[in-house]
Amino acid sequence: MAGVAGGNDFQWCFSQVKGAIDEDVAEADIISTVEFNYSGELLATGDKGGRVVIFQHEQESKNRPHLRGEYNVYSTFQSHEPEFDYLKSLEIEEKINKIRWLPQQNAAHFLLSTNDKTIKLWKISERDKRAEGYNLKDEDGRVRDPFRITSLRVPVLMPMDLMVEASPRRIFANAHTYHINSISVNSDHETYLSADDLRINLWHLEITDRSFNIVDIKPANMEELTEVITAAECHPHQCNVFVYSSSKGTIRLCDMREAALCDRHSKFFEEPEDPSSRSFFSEIISSISDVKFSHSGRYMMTRDYLSVKVWDLNMENRPVETYQVHEYLRSKLCSLYENDCIFDKFECCWNGSDSAIMTGSYNNFFRMFDRNTRRDITLEASRESSKPRATLKPRKVSTGGKRKKDEISVDSLDFNKKILHTAWHPKDNVIAVAATNNLYIFQDKIN
Amino acid sequence: MILKGQKRKLPQEDLELADSGGPVWESQRQFVFSVSLNKYQRSQELPEPSLRRSVLIANTLRQMSLEGCREPPADMEVPEPPPPAGLLHRDVEEDEDWESTDSDVSLSAAISSILTVLDSTIDGSFPTAPRSPLRSLENLSGSSEGGVAWVKPGVRGHSVSYQQQAEPKARDGGPGDVTVEDLFQDIDTCLLERDMGVLGLGGGHPTGEDLLRYLPPFSNLKCLPSFSSFSPLPAEAFELDNLMEILVES
């Protein structure tokens with residue numbers, strides 16, 4: 001994989017944008033999760049309205065081989081509906097918090113989607129043939145009396161227009177008292193974990209009426225609660241290992257072989273706080289919003305409010321790499337606390353070779369860091385720069401008094417436009433960036 | 001939230017953090033504290049507040065109250081009510097005149113002055129600082145560092161006025177003869193009609209110490225965080241007005 005910064009080797013270009021252009025964004029259309037499948041052929045998005053939209057990568061055109069294929073809508077379905085908890089008199093939002101694909105094992109595709117309370121396993125399959133020639137019904141459609149059927153006719157499969165069907169195969173419900181923030185498929189392809197604010201459960205994909213609680217940090221006295229679980233993920237290769245992050249900026253790695261209940265961690269990752277940068281908001285900005293293992297399984301990455309950190313699993317006392325996402329916001333924390341932006345949960349992702357990482361920011365900016373060259377770049381997902389194959393221009397935020405041309409000052413940033421969800425193709429340099437209700441797809445320019 | 005096209009103005013608070021202990025730091029602390037309290041109250045009004053957000057705000061509140069109590073006392077002689085500007089500011093829209101009939105303001109001031117006098121009466125050997133409303137909560141024993149002390153179900157008290165109980169005990173003098181919790185023990189706990197859910201009160205009634213823990217510095221009804229609202233506990237509320245009468249009578 002080439003480097004990500006601007007230069008001779010690599011340039012990010014606009015490819016596509018999905019979603020409405022209207023200025024008035026419907027709440028239900030706000031994208032809440034983005035995920036490529038294992039091959040990168042499919043790209044799934046979930047939104048606040050409980051819908052899942054799957055895009056499929058079309059093969060490159062033979063006539064125009066210099067163009068990568070595009071992602072077109074493959075399937076759309078309503079995954080979750082709003083529900084009402086009668087016991088607590090609370091409405092359960094249909095917002096899709098996470099989508100995770102299962103490795104493909106046959107012609108069909110499977111994914112897990114979850115809202116705050118319920119996880120569902122969806123099967124997405126294609127149907128391009130239809131059985132015809134039944135003699136079980138009359139021509140008007142009425143079912144014939146069996147006694148009137150005197151001959152056996154085998155139906156014939158006839159081609160039909162491709163139809164993509166999504167059907168719920170499993171519903172995993174009633175296992176979470178608190179809001180589910182993470183799901184992660186295990187490397188054994190048989191189990192997966194789901195995490196809410198205080199507990200993590202382990203499921204078998206075939207069994208819906210039972211789950212095993214493996215982490216429980218709920219104190220006996222809820223008034224003593226000072227820390228919640230913010231994210232969890234299974235190790236990509238070791239099916240007995242998983243990690244979970246907390247609102248206090250810590251990560252715990254647990255080994256399910258040690259005990260049935262993994263309240264005692266195997267490893268504890270925490271970076272000592274820098275006393276010189278301590279503020280009233282130190283704890284809030286240290287809260288980890290996302291944790292992702294590298295594809296290699298050797299590293300993991302965490303995202304807190306201002307930075308992204310790469311940890312070596314063999315070293316617990318500090319990260320091996322720290323990347324500042326938007327350090328210019330540090331002096332604005334008070335305002336960001338007032339307007340609640342400080343509680344925004346940004347995600348992060350690795351590229352296929354683990355040589356680069358990406359995360360979002362405000363003003364529809366997103367940042368990429370090349371771990372090898374240590375170069376970084378800020379790009380913007382905007383309609384203005386959405387010309388086909390147009391190269392994205394690097395953006396810069398001016399922090400000093402003097403603002404250069406093409407720079408934007410911190411005070412001019414639009415904090416309503418936040419890029420919380422991004423995804424990187426597992427093999428190619430194609431990225432998907434969710435900007436409120438729009439999905440941008442960028443790719444490198446093929447030379 | 002910042003509206004599209006609208007430039008944000010640099011608020012005064014966006015300053016580099018002043019040295020701890022200085023007046024600028026103190027005003028920042030008070031401002032953030034009041035904002036945090038307001039946030040927490042508003043989140044509790046939601047049908048289902050975000051637990052992560054509530055925990056983070058609660059921890060911030062706790063941290064600031066701890067840091068505030070570490071500050072040297074401003075005036076050790078006269079227990080004056082706390083200054084109105086920083087401590088009592090919650091929203092720009094709210095009435096900042098602390099002498100108004102706003103029950104929150106006068107209540108917190110009254111509690112502060114009463115408790116300060118009480119401290120000096122109990123043990124004159126210790127220099128009594130003009131305790132801010134926060135300090136009353138901070139000095140409670142059993143306030144765990146990891147959690148927030150909450151009113152717990154306790155024994156129902158007798159319907160005896162504060163004044164009757166307090167004075168005879170105060171005359172005895174000497175430390176330990178009278179404790180704050182004793183004074184509140186006999187407050188008519190039938191004043192507690194309903195729990196707001198935030199407090200996590202059980203079916204019983206609070207003890208005096210627990211009651212004192214509950215008394216919030218700024219808020220009208222709800223104050224420090226409790227996450228028992230996520231537990232299916234019955235709700236009882238606290239009639240501050242009635243308590244106010246009893247306290248003021250002393």
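Helices (H or I, at least four residues) and strands (E, at least two) are DSSP runs, numbered from the N terminus. This is a predicted model: local features need pLDDT of at least 70, side-chain atom pairs count only at pLDDT 80 or more, and totals for chains, interfaces and linings use all residues. Residues are numbered from 1 along each chain as written, and chains are lettered from A in written order.

Confidence. The predictor gives the complex an ipTM of 0.90 and a pTM of 0.71. Chain B averages a pLDDT (per-residue confidence, from 0 to 100) of 50. In chain B, H5(B), residues 133–138, is lowest at a mean of 30, and H2(B) is highest at 87.

Now the helix pair. H1(B), residues 23–45, packs on H2(B), residues 51–69, at about 150 degrees. Their axes lie 9 Å apart. Axes are lines fitted to C-alpha atoms over the stretch in contact, and angles run from 0 to 180 degrees between N-to-C directions. Contact means heavy atoms within 4.5 Å. Trp25(B), Phe33(B) and Tyr40(B) are among the H1(B) residues that meet H2(B), whose partners include Ile57(B), Leu61(B) and Met64(B).

Which elements each supply at least two residues to the lining of the second largest pocket? H1 (282–286), S22 (307–312) and S23 (321–324) of chain A do, together with H2 of chain B. Lining residues have an atom within 4 Å of a point on a 1 Å grid; a pocket is an open set of points where a 1.4 Å probe fits, with protein on both sides within 12 Å along at least five of seven lines. Closest to the centre are Lys248(A), Glu273(A), Ser282(A), Glu283(A) and Ser286(A).

Terms used:
Side-chain values use heavy atoms; hydrogens and water are left out. pLDDT is the predictor's confidence in each residue, from 0 to 100.
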